Amino acid sequence: MNIAHDPGCGTTPIVVEAIDVWKSHGHAEILRGIDLRARKSEVVCLMGPSGAGKSTLLRCIDGLERIDAGAIYVDNEPIGYREIGGALHELSERECCRQRAAIGMVFQNFNLFGHMTVLENLIDAPIRIKREKRTEVIDRARDLLERVGLQDKARSYPRQLSGGQQQRVAIARALAMRPKLMLFDEPTSALDPELVGEVLEVMKQLASSGMTMIVVTHEIGFAREMADTVAVMDAGVIVESGAPGVVLVDPQNPRTRAFLSRVL
């Protein structure tokens, strides 16, 4: 497999590049020739109807699912593959886990370990996977909990927290691995409306700090305020992509207009 890849030399580095990505589940084509880029410190918001392939694309970027064709690069490294002599060769599962350690992923339903305290949730992966020193990881975890406004919840268990608090812990847990990229899969969709704002505020602070982010969301206000690029997906393809002031205000594609008419 030979893929033309642009490392972004001479300009803002490209952190994520998806090139002609295809993915099927059985006979159903989920992703059909996706091209997407996110440069360093950019926020890319993926929007579109349910079933458009947005979550699958995130999972492919994170290496949780293997693509059928094309290539995905994160920080110039092909996800799921090693490049040798211009060709891509599949990595082992252990090597894929190493790649995933550099990418933070926040899911819809928190995915916290219920038998661990908040602090234990944050320190587990850096110690177990990255073999970092426990004292250093604990210090970093406490700093992150303060950053998301939950410094007083270190000894609490997930069941003792609200949904918004659990999602903020999930964000802190992802950040504890010191990722180069953060992926968010509809992080507010499982929350009661009154809890959405506290999670979005943490995400805004993270974006303002310069973290590269790809966010699957229906939160139009967040996309309008924070996104550098809005990409609208439908039926496995990106039907429209551009600045939020264009895509969300004066969309050119009829499928974009139809989607926005349902969510605005």
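Trainee: How far apart are the mean positions of the positive and negative charges of the protein chain?
Mentor: They sit 5 Å apart, with 32 positive and 35 negative charges counted. Keep in mind that this is a predicted model.

Trainee: OK, and what's in the chain in terms of helices and strands?
Mentor: The protein chain has nine helices and 12 strands.

Trainee: What radius of gyration does the chain have, and what would a compact globule give?
Mentor: The chain comes out at 18 Å, and a compact globule of 264 residues would be near 18 Å, so the two agree. If you want a box for the C-alpha atoms, think roughly 50 × 50 × 40 Å along the principal axes.

Trainee: How much of it is buried?
Mentor: Buried residues account for 54% of the 264. As for the surface, the chain exposes about 12300 Å², and 47% of that comes from carbon and sulfur atoms.

Trainee: What share of the contacts join residues at least 24 apart?
Mentor: That's 63%, taken among contacts between residues at least 6 apart in sequence.

Trainee: Let's go inside. How many residues does the largest nonpolar core have, and which ones have the most contacts in it?
Mentor: The largest nonpolar core has 53 residues. Those with the most contacts inside it are Ile171, Met182, Phe184, Met203, Met213 and Val230. Helix H6, residues 193-208, gives the most to this core, with eight residues. Apart from it lies another core, this one of 27 residues, including Leu57, Met105, Leu181 and Leu183.

Trainee: Back to Met182. What is it in contact with, leaving aside neighbours within four places in sequence?
Mentor: Methionine 182 is in contact with Gly104, Val106, Ile171, Ala174, Leu175, Leu206, Met211, Thr212, Met213 and Ile214. Two names there, Ile171 and Met213, were also on the list of residues with the most contacts in the largest core.

Trainee: I was looking at Gln167. Is glutamine 167 buried or exposed?
Mentor: Glutamine 167 counts as buried, because its relative accessibility is 0%. You'll find glutamine 167 in helix H5, residues 163-175.

Trainee: Which residues does glutamine 167 touch, not counting those up to four places away?
Mentor: Glutamine 167 touches Val106, Phe107, Gln108, Phe110, Pro187 and Val199. Arginine 131 is another matter: it is 36 residues from glutamine 167 in sequence, and their C-alpha atoms are 25 Å apart.

Trainee: Phe110 is on that list. What's the phi of phenylalanine 110?
Mentor: Phenylalanine 110 has a positive phi of about 70°, and it is not a glycine. Most residues other than glycine have a negative phi. Phenylalanine 110 is in the loop between strand S8 (103-106) and helix H3 (118-128). It counts as buried, at 12% relative accessibility.

Trainee: And what about the phi of asparagine 111?
Mentor: Positive as well, about 55°, and asparagine 111 is not a glycine either. Asparagine 111 is also found in the loop between S8 and H3. At 42% relative accessibility, asparagine 111 counts as partly exposed.

Trainee: Switching to H1: how many of its residues are buried?
Mentor: Six of its eight, so H1 is mostly covered, with buried meaning under 20% relative accessible area. The buried ones are Lys54, Thr56, Leu57, Leu58, Cys60 and Ile61. Just after H1, glycine 63 takes a positive phi of about 80°.

Trainee: What does Thr56 touch, leaving out residues up to four places away?
Mentor: Threonine 56 touches Lys23, His25, Ile30, Leu31 and Glu65. Its relative accessible area is 12%, so threonine 56 is buried.

Trainee: Where does alanine 227 lie?
Mentor: Alanine 227 lies in the loop between helix H7 (220-226) and strand S11 (229-234). It is buried, with a relative accessible area of 10%. Leaving aside neighbours within four places, alanine 227 is in contact with Val43, Cys45, Phe222 and Pro244.

Trainee: Last one: which strand is alanine 71 in?
Mentor: Alanine 71 is in strand S4, residues 69-74. It is buried, with a relative accessible area of 2%. Alanine 71 and isoleucine 34 are 37 residues apart along the chain, and their C-alpha atoms are separated by 9.7 Å.

Notes
Residues numbered from 1 in each chain as written. Predicted model: local features only at pLDDT ≥ 70, side-chain atom pairs only at ≥ 80, totals over all residues. Heavy atoms only, no water. Helix = DSSP H or I, 4+ residues; strand = E, 2+ residues; numbered from the N terminus. Rg over C-alpha atoms; globule rule 2.2 N^0.38 Å. Buried < 20%, exposed > 50% of the residue type's maximum accessible area, 1.4 Å probe, protein only. Contact = heavy atoms within 4.5 Å. Areas by Shrake-Rupley, 256 points an atom, 1.4 Å probe, with all protein chains shown as cover. Lys, Arg positive; Asp, Glu negative; His and termini not counted. Charge placed at Lys NZ, Arg CZ, Asp CG, Glu CD. Core = buried A, V, L, I, M, F, W, Y, C linked by side-chain atoms within 4.5 Å.
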